[in-house]
Amino acid sequence: MLGVEIMKTLTILLLGAPYSSQYPEFAIKIAKCALDRGYKVNMFLYGDGVHAGMKNQSPKAFYNIENGLKEIAQKGATILSCSRCSAARGYVEGEFDDKLQRYPSSKIIDEVRIFSLYGFVDFIRESDRIITFGGV
Amino acid sequence: MSRNILILTKPPYGCEEPEKAMKMILRFMDDGDDVAIYLLGDGVELTKSSQKGDLGKLLEEIADKGGEIYSSDEDMQARGLYGDRILNCVKLRSNIFKEIVDDAMERADRVLSC
């Protein structure tokens, strides 16, 4: 064997909305630790979790989720947001853009890509571990 | 034998998940599995020593049988939980997220959360 260590992959499924639950904060903190340890990290925003990707968040006393997502994306995390959940909440503003591989939205940060639920299927396929945060 | 870890974030008594999850953990232990519980957010309220409800006893039972119970020190402090206000079976952790990542990625066979 070549002795090459293959990077393990962690996928975080985020179902909880920012500022009404602590789940987005937990998800970002776990993602940061995993990235610092050298793991590949994916995050999928589903249900009310899609609100985490909204632009111009300015909480007064809480941890800023928008900045947290930008930070983990900069460290290499791939962040997808469910297209149907996003459309239901008014974030999708047109047809899927094949070139950019995302649905257009002026309300969502560039670091979060609105994509079909099949994106989560691919995440599951490539992951060694999945951690879920939130849900009813 | 496998290792199952539970990330518990929901408040005890406010919803039924913590009780259900702990009873499931006990079943895993009956089958000889290794378990660890990580308490985060409102989940840390499960560690209160003064609680009259039965959920703290369930947590102690898990610890007595060899389960590991870890709780986020930061979330405990935020809620005024320290010293003799907390159950003895709880191990405080200052960077619980790092420990969850290490456990989930390198040791655990299964990660559950509620």
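Modeller: Please do; this is a predicted model. To begin with the overall composition, chain A has four helices and five strands.

Colleague: In what pattern do these elements follow one another along the sequence of chain A?

Modeller: The helices number four and the strands five. Read along the sequence, they give the pattern β-α-β-α-β-α-β-α-β.

Colleague: What radius of gyration does chain A have, and what would a compact globule have?

Modeller: Along the principal axes, the C-alpha atoms of chain A fill a box of roughly 50 × 40 × 30 Å. For 136 residues, a compact globule would have a radius of gyration near 14 Å. The value for chain A agrees with this, being 15 Å.

Colleague: What percentage of the residues in chain A is buried?

Modeller: A residue counts as buried if 20 or more other C-beta atoms lie within 10 Å of its own. Of the 136 residues in chain A, the buried ones make up 49%.

Colleague: What share of the contacts in chain A with a separation of 6 or more joins residues 24 or more positions apart?

Modeller: The count takes contacts in chain A with a separation of 6 or more. Residues 24 or more positions apart account for a share of 72%.

Colleague: Which residues touch the most other members of the largest nonpolar core?

Modeller: That core holds 69 residues, and the two that touch the most other members are L14(A) and I30(A). Helix α1 of chain A, residues 23–36, gives the most to this core, with eight residues. Leaving out residues up to four places away in sequence, I30(A) touches I12(A) and I131(A), and also F97(B), I100(B) and V101(B). The residues asked for are therefore L14(A) and I30(A).

Colleague: Which element gives the largest share of the side of chain A that touches chain B?

Modeller: The contact takes 15 residues from chain A and 12 residues from chain B. On the side of chain A, the elements that give two or more residues are α1 and β5 (129–133). The residues of this side divide into eight nonpolar, two polar and five charged. The largest share, five residues, comes from α1(A).

Colleague: What ipTM does the predictor give the complex?

Modeller: Chain B averages a pLDDT of 96, and 100% of its residues score at least 70. For the complex, the predictor gives a pTM of 0.94 and an ipTM of 0.92.

Colleague: Is P24(A) buried or exposed?

Modeller: P24(A) is found in helix α1 of chain A. Apart from neighbours within four places in sequence, P24(A) is in contact with L14(A), G16(A), P18(A), A52(A) and I65(A). Because 30 other C-beta atoms lie within 10 Å, P24(A) is buried.

Colleague: Within what arc do the buried residues of α2(A) fall?

Modeller: The buried residues of helix α2 of chain A, residues 65–74, are I65(A), E66(A), G68(A), L69(A) and I72(A). They line one face of the helix, because, seen down the axis of α2(A), they fall within an arc of 160 degrees.

Colleague: Which elements are included in what covers the buried residues of α2(A)?

Modeller: One helix of chain A is included, namely α1. Strands of chain A are included as well, so that the elements named are α1, β2 (40–45), β3 (78–82) and β4 (112–115).

Colleague: Is N56(A) buried or exposed?

Modeller: The place of N56(A) is in the loop between β2 and α2 of chain A. Most residues other than glycine have a negative phi. Phi of N56(A), however, is positive, near 60 degrees. With 7 C-beta neighbours inside 10 Å, N56(A) counts as exposed.

Colleague: Near what value is the phi of Y13(B)?

Modeller: Y13(B) is in the loop between β1 (3–8) and α1 of chain B. Because it has 13 C-beta neighbours inside 10 Å, Y13(B) counts as partly exposed. Its phi is positive, in a residue other than glycine, and near 70 degrees.

Colleague: With which residues is E17(B) in contact, leaving aside neighbours within four places in sequence?

Modeller: E17(B) is found in helix α1 of chain B, residues 17–30. It counts as partly exposed, because it has 18 C-beta neighbours inside 10 Å. Its contacts beyond those sequence neighbours are K10(B) and C114(B).

Terms used
Residues numbered from 1 in each chain as written. Chains lettered and ligands numbered in written order. Predicted model: local features only at pLDDT ≥ 70, side-chain atom pairs only at ≥ 80, totals over all residues. Rg over C-alpha atoms; globule rule 2.2 N^0.38 Å. Buried ≥ 20, exposed ≤ 12 C-beta atoms within 10 Å, placed from the backbone. Contact = placed C-beta atoms within 7 Å. Core = buried A, V, L, I, M, F, W, Y, C linked by C-beta atoms within 7 Å. Nonpolar A, V, L, I, M, F, W, Y, C, P; charged D, E, K, R; others polar. pLDDT = per-residue confidence, 0-100. Arc of directions from axis to C-beta.
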